[in-house]
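Subject: Handover of the complex

Dear colleague,

I am passing the structure on to you with this message. Please look it over first, and then read the notes that follow.

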Amino acid sequence: MAKKQLVRVKVNGRDRQAEVEPRLLLVHFIREVLELTGTHIGCDTSHCGACTVLLNGKTVKSCTMFAVQADGGEILTVEGLIKDGQLHPLQEGFKEEHGLQCGFCTPGMLMSSYALLQNNAKPTEDDIRWGISGNLCRCTGYQNIVRAVQFAAGKMAQGAAK
Amino acid sequence: MIHKTSPEIGGMGHSIRRKEDLRFIQGKGNYVDDVHLPGMVYGQLVRSPYAHARLKSVNTEKAKKLPGVLAVITGEDLAKANLAWMPTLSYDKQMVLATGKVLFQSQEVAFVIAEDRYTAADAAELVEVEYEELPVLVDPHKALDPAAPVLREDREQKNNHIFHWEVGDRQTTDQVFAKAPVKAQVHAFFPRCHPAPLETCGCVADFNRATGKLTVYMTSQAPHAHRTVFALVGGIPEQNIRVISPDIGGGFGNKVPVYPGYVCAIVASLTLGLPVKWIETRSENLQSTGFARDYHMTAEIAADSAGRMQALRVKTLADHGAFNAAAQPTKFPAGLFSICTGSYDFPNAFCEVDGVYTNKAPGGIAYRCSFRVTEAAYLIERVVDVLALELKMDPAELRRKNFIPAEKFPYKCPLGWTYDSGNYEGALKLALDKIGYQQLRKEQEEKRKKGELMGIGISSFTEIVGAGPAHTFDILGIKMFDSAEIRIHPTGKAICRMGTKSQGQGHETTYAQIVAQELGIPAADVSVEEGDTDTAPYGLGTYASRSTPTSGAATAIAARKIRDKAKKIAAYLLECSENDLEWEPGRFYVKGAPSKTKTIQEIAFAAYTNIPPGLEAGLEAVDYYDPPNLTFPFGTYVCVVDIDKGTGEVKVRRFLAVDDCGNIINPMIVEGQIHGGLTEGLAIAFMQQIDYDESGNVQGGTFMDYLLPTAVETPHWETDKTCTPSPHHPFGAKGVGESPNVGSPAAFVNAVVDALSHLGVRHIDMPITPWKVWNVLKEKGVTS
Amino acid sequence: MIPPTFEYFSPKTIPEAIALLQQHGDDAKILSGGQSLIPMMKLRLARPSYLIDINRIAGLSYIKEEGGFLKIGGLTREAELETSPLIRAKYPIILDTAHVIADPQVRNLATVGGNLAHGDPANDHPATMLALGAQVVATGPGGERVIPIEEFFLSLFSTALQPGEILTEIRIPVPPPRSGGGYFKLERKVGDFATAAVAAYLTLDGQGVAQKAGIGLTNVGPKPLKAEKAENFLRGKKVDATSIAQAAQLAADEAEPSTDLRGPAEYKKGLVKELAKRALSRALERAGK
């Protein structure tokens, strides 16, 4: 067993740390060490995107990184979207537009959409589909997810206008 | 009569937003892998790399010595407890852990248990298994050859034939064919594919030595049935088993069978007295759990020269893999495949299916198939199009000419089913009008002159769901009723529990809406729970689109029982006779004096505080609903495609789905189901196959090659509806979850064939990959 | 799903990284984006005992024009290429390429250096770099050396990188006026490797005659291929629909695809022809601007 290493990260605004094996995948670190189980595992070949989180402001597949690589970084998971009890417009949008059914892909979709809207506040439908092309969904056929993101973009634009 | 309720009440027809969403959008779902119990350990299976081999030895010494490993279980260990084999849902048996031989690549051979999953993975590699390879059988057409290797040495019958099943009138059908002026035939293969829900299968088995109770958190679409199976197979008293199906990340039939991993985890927990978690990887899911389809079908239609269909003849070879583990009702080894007469008024029909074993993973019933209805609907809609080409008739016209007319319902088809209601002409007309069919045909003509390839595909499917009436339907002997229990609290809120189990279908919302409709209690005040066998009434679970037809019906009936009692209480409170009372959602009032009224909330309070003499306290009911018949949702789908001659790529330009599932509880949820199912149908038609090479190595055993469409490949879906209620269902609903998978593959394939039919193409097997199209174009000399 | 054990280092400088590579030899692997390596480790197909994470080394991520070259640092992420105004304005063929590598999340981590150093004919940048006539800068114990891209890919998963060398920079000669290119990839779905893909880059004179022609092929051979016969055919000829069609056929003839789950070899050859036509047409169009 390789020497454990200290990983210090800021997760959803809170400082966390643990000693971990180098081979510990970031997704297992998040789910089992940090006990944030909103981030999911849907495959073993890095295709499904259910494990998507933001690391230092960029979406990554947390199953395709080692926790040690994130040392010193900032992580945002789905649990970090809600602020002071207020749902993020994306979360509102997913509920309003029926953008989820079984909910398993939803955290990853929310994180990818979050990053998309950060980089592009007025995405077209094509932009949205492209932006979530690294996230697989079996239940919704993506159509209402697109609507959910459009809802959020609209709401955030209103909020920005105020 | 269905009263219209206000949006605040949220009864039938309201697209109220889902109650379950709040936890999912916050990442607070409780899926099986989220379950963490004190002292929990982890199991991992060791699997065979060979498709067919003698198991010479399984050496677990190295694995056991790895620090952190608690135990390693082998087939031999299980055999001592008579658990090396388990019954399947098709009255076959399946090895839990292999003894003697292995029969498919990825078959379960040993189970290691360790303190954490990383150690378990390391330990699994250290289990040393010696195999002696045997000749492999992967071609089902060779399964019945005398020279074929006999796969199942455990059976008395020493061949690879599982069953022969037939229905209809062979003799008359053959006679009609002999004389028919027009015949059309298609050999249509429905490839083996896999439902691949985003959450894989798994469980946490927790045997508590102090209490003697076994709790199994598991990805189960049918928790009660699973509990009973565990009790019978494991010899554990059923009251000491609790199955909890928490949140399930998609099922699509993948989570109906009992898998070796569950049994191993339970055995490990019983042995160690610790909670044991087993979560399979995606590769394991694709390579060993219940696949779907793998039907080699031939359909023939005999018609008169005017295009009136006279007879249908169907012969199918069913590849079941190494064990018959298909989850289907007992009397139907080919599921409900005999719905293959579809929407058409055939005077005669005959259908036969032969099932065989091969060296492949077991399964067959999955992926929103409604018990083989996907295969049947695909077949009939394909052969009808081939007939249209034979007759040089427009495929819409041919369908219209042969639809079962509205006045013939309830309709008894020659293969035994009584369709409850239908209006096929209505759905077809709406679909064609909305897609602009005539203009599209004109456009196609113009494009053909320029050498451009465009196609229009129609699928007018009828399907059969809601299994099913006790006289005909059971799984392992358990009748296929379903249940609902409703209890109203003093403050007028309600809690309900059903025997079904949602995996994303929105039951926490839709069942609440049924109660809202029947009792006028706002859906927001109705709590719905499913999946805990300690609290929910017995049911057969959710698959085959059966929830609304069975449990939904039970919910309505239970609510009506409550309403009956509420009426008595209201009469008592209003000091009048029950006959003087009228009902509208939420209240009883005196006929002609509407101000003399009691709300359901007031009645509920009275049920605990001011109980009429002679009546019991409380306001609750349970119903176990035995459906009198199945239900028959239907629809017409139209698909428009353009083909890139240079690459063979097929682009879906438009897809319109007109569905009829009778009365709808929540239109938003139904639309979502259609979107999802069409996306699965698209994948099946164009991208998906689990195939095996001649050595039995699986091709397409990971998401690298088993392809799920992303948002980019998925087109925009257009949906619409007609409404033909089911006459026998308490609120006229039929169920709809699988219709899009049932109806769409034929629409896609018909469109592609239609694009190429002027070149003489009659059929292309799925998956219609770009290279298949390109090969056809090359053969016909029309690549760019 | 779970990789085997390894020891992990995250050096802060190139010399440190090189020293570690030398110390551990074949048992060590560089961790760059990790989007190819980590999936292989999870399947236990790659089992390095030592992982040398170079992501903490500063100064390896840049996109700039300097000294007649477009210089891209080896650690530059695909996503950075996608959003670079310089790439978008002057090197759209590289944007085409980055855009179709995997998916958005992978592109945030995957590096250009990794995409080339892996030596995988299925990766996308090799064909584009072959078409652009790029150079690879390798930094090793002996210092820096510049390797022309035509000499870089040796065979399947094997490049000209010597033990102890790290791919630190890619250089593309700044193109003369009337240059343009395109990358066309056919994939079964977003995120897949190419069933086939073609990169084409042309430099024309005032009469539309090709002065330079570069054509690279993805995933149709044991290594990334340079369609030299097609290139030679086009050089000195007016680039139009006819010459493009002929060049495309030559490119298809030079492809050596295998039949696999993405399709039969014959189809892939047909695809090379079709995609080469499209890539060359795009190159012609962009060169005209």
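What pLDDT does chain C average, and what percentage of the residues score at least 70? The model is a predicted one, and in it chain C averages a pLDDT of 97, with 100% of the residues scoring at least 70. For the complex, the predictor gives an ipTM of 0.98 and a pTM of 0.98.

Chain B against chain A

I begin with the contact between chain B and chain A, in which 55 residues of chain B meet 50 residues of chain A. The two chains bury about 4,400 Å² between them, and 54% of that area is on carbon and sulfur atoms. On the side of chain B, the residues that lose the most area to chain A are B:Ile25, B:Tyr118 and B:Leu198, which together account for 19% of what that side buries.

As for charged pairs, the count between chain B and chain A is 7 salt bridges, and one of the salt bridges joins the side chains of B:Asp122 and A:Arg23, with an N to O distance of 2.6 Å. Across this interface there are also 26 residue pairs in polar contact, both residues being at pLDDT 80 or more. The elements of chain B that give two or more residues to the side touching chain A are helix 1 (21-24), helix 4 (117-126), helix 8 (282-288) and helix 16 (667-686), and the largest share, 9 residues, comes from helix 16. Sorted by class, the residues on that side of chain B divide into 23 nonpolar, 19 polar and 13 charged.

Chain A against chain C

The contact between chain A and chain C takes 34 residues from chain A and 32 residues from chain C. Here the buried area is about 2,600 Å², of which carbon and sulfur atoms give 61%. Within chain A, the residues A:Arg23, A:Phe66 and A:Trp130 supply 24% of the area that this chain buries against chain C, which is more than any other three residues supply.

On the side of chain A that touches chain C, strand 4 (58-61) and helix 4 each supply at least two residues, and strand 4 gives the largest share, 4 residues. By class, that side has 14 nonpolar, 14 polar and 6 charged residues.

Is A:Thr140 buried or exposed? This residue lies in the loop between helix 4 (125-131) and helix 5 (143-161) of chain A, and its relative accessible area is 2%, under the 20% limit, so A:Thr140 is buried. Leaving aside residues up to four places away in sequence, A:Thr140 touches A:Gly99, A:Leu100, A:Gln101 and A:Ile145, and also B:Gly672, B:His675 and B:Gly676. A polar atom of the A:Thr140 side chain lies 2.9 Å from the backbone nitrogen of A:Tyr142.

With best regards

Conventions. Residues numbered from 1 in each chain as written. Chains lettered and ligands numbered in written order. Heavy atoms only, no water. Buried < 20%, exposed > 50% of the residue type's maximum accessible area, 1.4 Å probe, protein only. Polar contact = N/O pair within 3.5 Å; in protein donor to acceptor, adjacent residues only side chain to side chain. Contact = heavy atoms within 4.5 Å. Buried area = accessible area lost by both parts, 1.4 Å probe. Salt bridge = Lys/Arg side-chain N within 4 Å of Asp/Glu carboxyl O. Nonpolar A, V, L, I, M, F, W, Y, C, P; charged D, E, K, R; others polar. pLDDT = per-residue confidence, 0-100.
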